Amino acid sequence: MLVIRPIRETDFDALMTIAEESGVGFTSLPVNEELIAKRIAHSVESFNKQESGPTGEGYLMVAEDVATGEVAGTTGIESAIGLDVPFYSYHVSKVVHHSRRLNVHNVVEVLTFGNNYTGCSEICTLFLRPQFRGGLNGKLLSKCRFLMLAEFPERFSDVIFAEMRGVSDENGVSPFWNWLKEHFFSIDFTLADYLTGIGEKGFIADLMPKLPIYTSLLSPEAREVIGQVHEKTRPALRLLEKEGFTCRNYVDIFDAGPTVECDRRNIESVRHSFNAVAHVSEHSSAKDYLVSNTRFADFRAVTAKVAIDEERGKALIDPAAAQALMVKTGDTLRLVAL
């Protein structure tokens, strides 16, 4: 059984391992010991904050194997991005060039540089180590964040978004970045991606073209990957799409991967989640639920077989799940059916 919990300072080595295994393009977790330590410290501080409004807190969690104590993966939420360090994206839109006299009507696509997601909450840093993939583990790692959004809405913005990794090859070469590099930059994609991950974003404002870019001027290889996801990211994208997330024509400025968003209250797992009182008991239910406690600093989430007594508002959970959630009979749970 895996249990989701807030990250601790003692998870440093495990998070470094995850950063190394995640590879190029996982911008939110670069291989940098100082940054990893700061990220953990910021999360610990954020989980212990008492104030409710989203002001730039970062909530980083890990999935822990209850039997062995091994960290199987990580997942997180940024409460409000772009408040201290700028957050950039491209908006894909259309411009019409029309001449009635010449009977010419051309619709062209443009990329416009901007900071449109400033202040929004981002679900991010999702990675499950290969040996733990399978069963309901992937859903647990992704969907546990929606139970947190549902239980503590005051800590997050109305709009929730996620950046999806764009197309790059096994060496981390991005066709989109290759075009940008040729015309505006002189550094490799891996270095640009790393600098962004560690917060050194000044070079973006210095070198990135400020005027809209006509996509017809890009190389065919660069044009083809706009809004496309990396093959390893497709399962994560499908899961978010089932939750109601959709691309509003915003893409990453480096690899052109799509950004997907959804209004918090319209996320499927938020809409259909509910509270029930825990009753710890062995039972024979065969229905899977994602279950969390309702404490913030001690947040826990698992997948478990649960029997729901709708009339009494009770949820029967077995002792193992209750122990992982740190709950007892009479405590309140939040649940969503899987």
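Predicted model: local features only at pLDDT ≥ 70, side-chain atom pairs only at ≥ 80, totals over all residues.
Which residues are exposed on the other side of helix 1? Residues are numbered from 1 along each chain as its sequence is written, and side-chain values use heavy atoms, with hydrogens and water left out.

View 1. Helix 1 spans residues 12-22; helices (H or I, at least four residues) and strands (E, at least two) are DSSP runs, numbered from the N terminus. Leu-15, Met-16, Ile-18, Ala-19 and Ser-22 of this helix are buried. Looking down the axis, the buried residues fall within an arc of 160°, so they line one face of helix 1; the arc is that of the directions from the helix axis to the C-beta atoms. Asp-13 and Glu-20 are the exposed residues on the other side. Here buried means under 20% relative accessible area, exposed over 50%, and partly exposed in between (1.4 Å probe, protein chains only).

**View 2. A salt bridge between two loops, Arg-264 with Asp-158.** The closest N and O atoms of this pair are 3.0 Å apart; a salt bridge is a side-chain nitrogen of Lys or Arg within 4 Å of a carboxyl oxygen of Asp or Glu. Arg-264 sits in the loop between strand 10 (258-263) and helix 9 (268-271), and Asp-158 in the loop between helix 3 (137-151) and strand 7 (159-163), so the pair ties together parts that are 106 residues apart in sequence. Arg-264 is buried, at a relative accessible area of 14%.

**View 3. A salt bridge between two strands, Lys-305 with Asp-288.** Here the closest N and O atoms are 3.0 Å apart. Lys-305 belongs to strand 13 (residues 301-305) and Asp-288 to strand 12 (residues 288-293), so parts 17 residues apart in sequence are tied together. Lys-305 is partly exposed, with a relative accessible area of 37%, and Asp-288 is partly exposed too, with 24%.

**View 4. A positive surface patch.** Lys-139, Arg-234, Arg-238 and Lys-242 form this patch. Patches are made of residues with over 30% relative accessible area and no salt bridge, like charges being joined within 9 Å and nonpolar side chains (Val, Leu, Ile, Met, Phe, Trp, Tyr) within 5 Å. Helix 8 (residues 234-242) gives the largest share, three residues. Arg-234 lies in helix 8 and is partly exposed at 44% relative accessibility.

Conventions: Areas by Shrake-Rupley, 256 points an atom, 1.4 Å probe, with all protein chains shown as cover. Lys, Arg positive; Asp, Glu negative; His and termini not counted. Charge placed at Lys NZ, Arg CZ, Asp CG, Glu CD.
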